[in-house]
Amino acid sequence: FVFILSAILILINILSLGIWGRIDLTSDKMYSLSKGTIDVLKDMDDPIEVRAYFSRDLPANLGSLVQYVNDSLDDYQSYSNGKVHFSFLDPSENKEIETEATNFRCPPLTLQQMANDAYSQQKVFMCLVFLFEDKTEVIPAVKSTQGLEYEVTSIIKKITAKTVRQV
């Protein structure tokens, strides 16, 4: 019985290797991309690069923000069939990466904290840079998940547009 059950589990595992999925059980679907975003990503013709400049030593209250950005960019990559490429870079690890970030207009932010009755300041990066052909767009400070999907999708749509509308 154990041998048959093990063989069935292994077979199911092998057959499910190509299947990807995730279920968002939140009431407002906050961890899922909207239908409009998915449509924009499926209509993309050319690849776009997204560089996320985030410091690794962020305070604990911002850890969930970094995870949200990483998961969202992973969803963007999946729904675009690999046309959205992203990478996370830590400017505090390497002076060249910090220079690159500041050249893209990603300013370092100063976080002020009170811990153990001591006041401290910390220089951090929390920035997204979008690169497409010769165009560059930047979200200089990602401080909240509120409206982030709209902002990212708007930038992708704007930067990959074949023609620019004039008003």
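Arg51 is buried, its relative accessible area being 18%, where buried denotes under 20% relative accessible area, exposed over 50%, and partly exposed the range in between (1.4 Å probe, protein chains only). The structure is a predicted model, in which local features need pLDDT of at least 70 and side-chain atom pairs count only at pLDDT 80 or more, whereas totals for chains, interfaces and linings use all residues. Residues are numbered from 1 along each chain as its sequence is written, and side-chain values use heavy atoms, with hydrogens and water left out.

The side chain of Arg51 meets that of Glu49 in a salt bridge with an N to O distance of 2.8 Å, a salt bridge being a side-chain nitrogen of Lys or Arg within 4 Å of a carboxyl oxygen of Asp or Glu. Glu49 counts as partly exposed, at 29% relative accessibility. In the whole structure, 7 salt bridges are found. A further one joins Lys95 and Glu98 at 3.7 Å, N to O; these residues are 3 apart in helix 4 and are therefore separated by about one helical turn. Lys95 is exposed at 61% relative accessibility, whereas Glu98 is buried at 13%.

An open sheet of 4 strands has the order 2-1-5-6 with mixed pairing, where strands (E, at least two residues) and helices (H or I, at least four residues) are DSSP runs numbered from the N terminus, and two strands pair if DSSP finds at least two bridges between them. Strand 2 (84-89) and strand 6 (135-139) are the edge strands, each pairing on one side only. Strand 5 (residues 126-132) runs antiparallel to strand 6 and is joined to strand 6 by 5 bridges; Val129 has Val138 in strand 6 as its bridge partner. Helix 4 (residues 95-103) packs on the sheet, touching strand 1 (48-54) and strand 2, and its direction makes about 115 degrees with that of strand 1. Contact here means heavy atoms within 4.5 Å, and angles run from 0 to 180 degrees between N-to-C directions, with axes fitted as lines to C-alpha atoms, for helices over the stretch in contact.

Helix 5 (residues 148-160) lies across strand 1, strand 5 and strand 6, running at about 170 degrees to strand 6. Between Lys158 and Glu137 there is a salt bridge whose closest N and O atoms are 3.2 Å apart; Lys158 lies in helix 5 and Glu137 in strand 6, so the pair ties together parts that are 21 residues apart in sequence. Lys158 is exposed, with a relative accessible area of 54%, while Glu137 is partly exposed at 22%.
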